[in-house]
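I record below what I looked up.

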Amino acid sequence: MTAKLFALLGSPVEHSMSPLMHNRAFNRLNLPHRYHAFDVEPDKLGEAVESLKVLGVAGWNVTVPHKVSIMEHLDEIDEEAEKIGAVNTVVNENGRLFGSNTDGQGYLDSLLDETGPALKEMRVLIIGAGGAARAVTTVLSRFGVKEIVVTNRTYEKAEAISHICTSNTEVKPMKREETEAEAASRFDLLINTTSIGMSPRIDDMPFPIENIREGAMVSDLIYNPLKTKWLRECEKRGVAIHNGLGMFVGQGARSFERWVNVLPDVQEMKRDVLAQLGG
Ligand code: NAP
């Protein structure tokens, strides 16, 4: 079999776990392929894409800050990525570039592992309205949870998400003050999609915990630290917690599948990343 090269384009990338995760998965499946991370400045993205095409790089992931700007360099973008407005996975088929977004599906796979079929009956609050929120909201709306409310510091972005999600579950925007004061207790699942709690802001929390009811679940897209302060404080109150490691591994596994037509063992990938993070 011909060895292929896969890549990550982002900036910064030196702490990315993706090379380790994908290279170990290639090894386990006896595939001769390799994955390498490239630090690409925003104004060099076009040149980087052209270089990857010339070199015949078979596919790549795209991370911050290129998930939106990559779209203008692609030949085709699937419907879901178009809706989300961001691409994290590119497949290079003989010079034609196809973009998709595996963040949402990776998150849903990981959440279902935790909740099982109960997810269908959940009332969900999404905190934040950036790219990750758009991906997560799109898949949860398509999956058909009971209710979805999006709240965000910038209300207009929460409103914008409600317009892109027109699948099974309607998505409602809600002002932050209203959500915090009155509504928090009625949600079964609260998802932090903001970067609050991530280094360097590890002592901050994205949403007050006082009104979150016992028996609810909180989910944080952040996986470094593995347990944010928000998750730790909620856990102390008897609330079930779910971190972003499963999403990270899940989106990687779905990208891998698009490149080589094999879904790798997600649990093994998780163990590799966890060992590296010291978890
Ligand atoms: P983004 O597009 O920049 O969105 C950031 C969101 O956070 C926005 O809603 C923003 O609100 C909010 N925010 C940032 N600082 C805030 C503050 N001080 N107070 C209130 N709200 C604040 O980023 P993204 O790509 O969606 O990523 C968001 C998080 O998800 C990051 O922590 C990222 O690491 C994580 N993520 C994890 C995975 C995974 O695989 N586990 C995948 C993707 C993303 P405004 O709209 O008001 O600015």
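This is a predicted model: local features need pLDDT of at least 70, side-chain atom pairs count only at pLDDT 80 or more; totals for chains, interfaces and linings use all residues.

Asp272 counts as buried because its relative accessibility is 12%, under the 20% cut-off. I then found its side chain in a salt bridge with Arg28, at 3.1 Å from N to O. This pair links distant parts of the chain, with Asp272 in helix α10 (residues 266–277) and Arg28 in helix α1, 244 residues apart. Arg28 is partly exposed, at 36% relative accessible area.

I stayed with helix α10 and noted that Glu268 and Arg271 both lie there, three residues apart, about one turn of the helix. They form a salt bridge with closest N and O atoms 3.9 Å apart. Glu268 is partly exposed, with a relative accessible area of 27%.

Next I examined Arg123 and Glu147, whose closest N and O atoms are 3.5 Å apart in a salt bridge. Arg123 belongs to strand β7 (residues 123–127) and Glu147 to strand β8 (residues 147–151), 24 residues apart. I recorded Arg123 as partly exposed at 31% relative accessibility and Glu147 as buried at 11%. My search of the whole structure returned 17 salt bridges.

I turned to strand β11 (residues 217–220), where Met217 and Ser219 point one way, Val218 and Asp220 the other, and all are buried. Strand β10 (residues 189–192) runs parallel to β11 and is joined to it by four bridges; Asn192 has Asp220 as its bridge partner. Three bridges join β11 to the parallel strand β12 (residues 240–242), and Ser219 stands opposite His242 there.

Methods:
Residues are numbered from 1 along each chain as its sequence is written. Side-chain values use heavy atoms; hydrogens and water are left out. Buried means under 20% relative accessible area, exposed over 50%, partly exposed in between (1.4 Å probe, protein chains only). Helices (H or I, at least four residues) and strands (E, at least two) are DSSP runs, numbered from the N terminus. Two strands pair if DSSP finds at least two bridges between them. A salt bridge is a side-chain nitrogen of Lys or Arg within 4 Å of a carboxyl oxygen of Asp or Glu.
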